[in-house]
Amino acid sequence: MSDINPVEYGKLVNAVENLENKVNSMDNDIKRLVAMAERSKGSLWALMGVASVAGAFISYLADVLFKK
């Protein structure tokens, strides 16, 4: 049972702790990116609505001005 080197074991424990910290940091970053994507999706729909209203208004003006 004395095959385990305490120094090497300590290095492995430290490496695992560092990897856990990195994974937790990446998890937080991914959550922030998902939240940003969800907000931008709402902005896209709002802009599409504004563009639709503007297009309808321009079409109405063109119909009134250039009616044959």
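User: Okay, so buried means under 20% relative accessible area, exposed means over 50%, and partly exposed is in between. What's the relative accessible area of E8, then?

Analyst: E8 comes out at 41%, so by those cut-offs E8 counts as partly exposed. Keep in mind that this is a predicted model.

User: Got it. Which residue does E8 form a salt bridge with?

Analyst: K11 is the partner, and the closest N and O atoms of the two are 3.6 Å apart. K11 is exposed, at 52% relative accessible area.

User: Where do K11 and E8 sit?

Analyst: Both are in helix α1, which covers residues 6–65. They're three residues apart, about one turn of the helix.

User: Why does that spacing matter?

Analyst: An α-helix has 3.6 residues a turn, so residues three or four places apart point the same way.

User: Nice. How many salt bridges does the structure hold?

Analyst: Three. Another one joins the side chains of K31 and D27, at 3.5 Å from N to O. Those two are four residues apart in α1, again about one helical turn. K31 is exposed at 52%, while D27 is partly exposed at 35%.

User: And what's the N to O distance for D29 and R32?

Analyst: That salt bridge has 2.7 Å between N and O. D29 and R32 are three residues apart in α1, so about one turn separates them as well. D29 is partly exposed, with 33% relative accessibility, and R32 is exposed, with 54%.

User: Switching topic: how many helices and strands does the chain have?

Analyst: One helix and zero strands. The helix, α1, has 60 residues and reaches 87 Å from its first C-alpha to its last, close to the 88 Å expected.

User: What caps the N-terminal end of α1?

Analyst: N5 does. One of its side-chain oxygens lies 3.2 Å from the backbone nitrogen of V7.

User: What about the overall shape, what box do the C-alpha atoms fill?

Analyst: Roughly 100 × 15 × 15 Å along the principal axes. The radius of gyration is 29 Å, whereas a compact globule of 68 residues would be near 11 Å.

User: How much of the chain counts as buried?

Analyst: 0% of the 68 residues.

User: Last one: what's the accessible surface of the chain?

Analyst: About 6,600 Å², and 67% of that belongs to carbon and sulfur atoms.

Notes: Residues are numbered from 1 along each chain as its sequence is written. This is a predicted model: local features need pLDDT of at least 70, side-chain atom pairs count only at pLDDT 80 or more; totals for chains, interfaces and linings use all residues. Side-chain values use heavy atoms; hydrogens and water are left out. A salt bridge is a side-chain nitrogen of Lys or Arg within 4 Å of a carboxyl oxygen of Asp or Glu. Buried means under 20% relative accessible area, exposed over 50%, partly exposed in between (1.4 Å probe, protein chains only). The expected span of a helix is 1.5 Å times one less than its number of residues. A polar contact is a pair of N or O atoms within 3.5 Å; within protein, one must be able to donate a hydrogen and the other to accept it, and residues adjacent in sequence count only if both atoms are side-chain atoms. The radius of gyration is taken over C-alpha atoms; the globule rule is 2.2 Å times the number of residues to the power 0.38. Accessible areas come from the Shrake-Rupley method with a 1.4 Å probe; for residues, only the protein chains shown count as cover.
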